[in-house]
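Me: I have a structure open here and would like to talk it through with you. Could you take my questions one at a time?

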Amino acid sequence: MIYTIKRPKETINFAHQVAVSLNLPTVQICNDRDLNALMHKDVDYRLMNVSPQQFLWLFHHASFIVTNTFHGNMFSVIYRKNFVHYGINSSDTRISTLHDEIRLKNKIVSSFEIDQRIIDYNLIEENVAYYCKCGLNFIQANINDD
């Protein structure tokens with residue numbers, strides 16, 4: 001599955017290489033901003049304007065995810081999916097912070113030297129749980145703050 005926001009062509013090219021190597025179809029979640037990606041020939045299925053329920057279903061059922069977004073990373077981790085983050089925007093530290101906090105290594109890539117090892121979520125489960133707990137505490141503190 002492919003979920004991108006910026007640079008969709010580069011990410012789609014990369015995802016196509018991954019899909020070929022893993023013998024998987026490419027499924028792209030598109031939105032109105034992805035109109036340039038609609039012309040890309042290396043996508044098997046494009047899903048336009050998916051609902052939040054469909055979005056979550058797609059992440060839950062994906063075999064492998066290529067993303068360049070924070071939310072793509074988060075939902076991959078939540079659903080314990082094998083994934084890579086293609087490219088990194090140095091001005092967005094949320095992704096590198098997430099990977100550092102949960103001790104997830106080698107999932108940010110910039111070329112087709114994909115690390116296809118399966119993520120052992122059992123090794124990082126405590127880190128993920130703690131990261132989620134901190135996020136919930138932050139939300140609750142800000143909701144309850146008058």
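Me: Which elements do the buried residues of helix 3 pack against?
Reply: They pack against strand 1, helix 2, strand 4, strand 5, helix 4 (94-102) and helix 5, where a contact means heavy atoms within 4.5 Å. Helices (H or I, at least four residues) and strands (E, at least two) are DSSP runs, numbered from the N terminus. This is a predicted model, in which local features need pLDDT of at least 70 and side-chain atom pairs count only at pLDDT 80 or more, while totals for chains, interfaces and linings use all residues. Residues are numbered from 1 along each chain as its sequence is written, and side-chain values use heavy atoms, with hydrogens and water left out.

Me: And which residues of helix 3 are buried?
Reply: Phe70, Gly72, Asn73, Met74, Phe75, Ser76 and Val77 are buried, where buried means under 20% relative accessible area, exposed over 50%, and partly exposed in between (1.4 Å probe, protein chains only). Seven of the nine residues of helix 3 are buried, so this helix is largely enclosed by the rest of the structure.

Me: How many helices and strands does the chain have, and in what order do they run?
Reply: There are five helices and six strands, and from the N terminus on the elements follow the order β-α-β-β-α-β-α-β-α-β-α. Of the 146 residues of the chain, 40% count as buried.

Me: What is the order of the strands in the sheet?
Reply: The six strands form an open sheet in the order 3-2-1-4-5-6, with parallel pairing; two strands count as paired if DSSP finds at least two bridges between them. Strand 3 (45-48) and strand 6 (108-109) stand at the edges with a single partner strand each, so one side of each has no neighbour in the sheet.

Me: Which helix packs on that sheet?
Reply: Helix 2 (residues 52-61) packs on the sheet and touches strand 1 (2-3), strand 2 (27-30), strand 3 and strand 4 (65-67). Its direction makes about 155° with that of strand 2, the axes being lines fitted to C-alpha atoms, for helices over the stretch in contact, with angles that run from 0 to 180 degrees between N-to-C directions.

Me: What about strand 5, how many bridges join it to strand 4 and to strand 6?
Reply: Three bridges join strand 4 to strand 5, and two join strand 5 (residues 83-86) to strand 6, with the strands running parallel.

Me: Which way do the side chains of strand 5 point?
Reply: Phe83 and His85 point one way and Val84 and Tyr86 the other way, and all are buried. In a regular strand the side chains alternate between the two faces of the sheet.

Me: Changing topic, how many salt bridges are there in the whole structure?
Reply: A search of the whole structure finds one, a salt bridge being a side-chain nitrogen of Lys or Arg within 4 Å of a carboxyl oxygen of Asp or Glu. The pair is Arg80 with Glu125, at 2.2 Å from N to O. It links distant parts of the chain, since Arg80 is in the loop between helix 3 (70-78) and strand 5 while Glu125 is in helix 5, 45 residues apart.

Me: Which residues form the nonpolar patch on the surface?
Reply: Leu136, Phe138, Ile139 and Ile143 form it, with about 450 Å² of accessible area together. Patches are made of residues with over 30% relative accessible area and no salt bridge, like charges being joined within 9 Å and nonpolar side chains (Val, Leu, Ile, Met, Phe, Trp, Tyr) within 5 Å. The areas come from the Shrake-Rupley method with a 1.4 Å probe, and for residues only the protein chains shown count as cover. Ile143, which is in helix 5 (residues 121-144), counts as exposed at 61% relative accessibility.

Me: Last one, where is Lys6 and what does it touch?
Reply: Lys6 is in the loop between strand 1 and helix 1 (8-22), and Lys6 is exposed, with a relative accessible area of 56%. Not counting residues up to four places away in sequence, Lys6 touches Thr11, Asn68 and Asn89.
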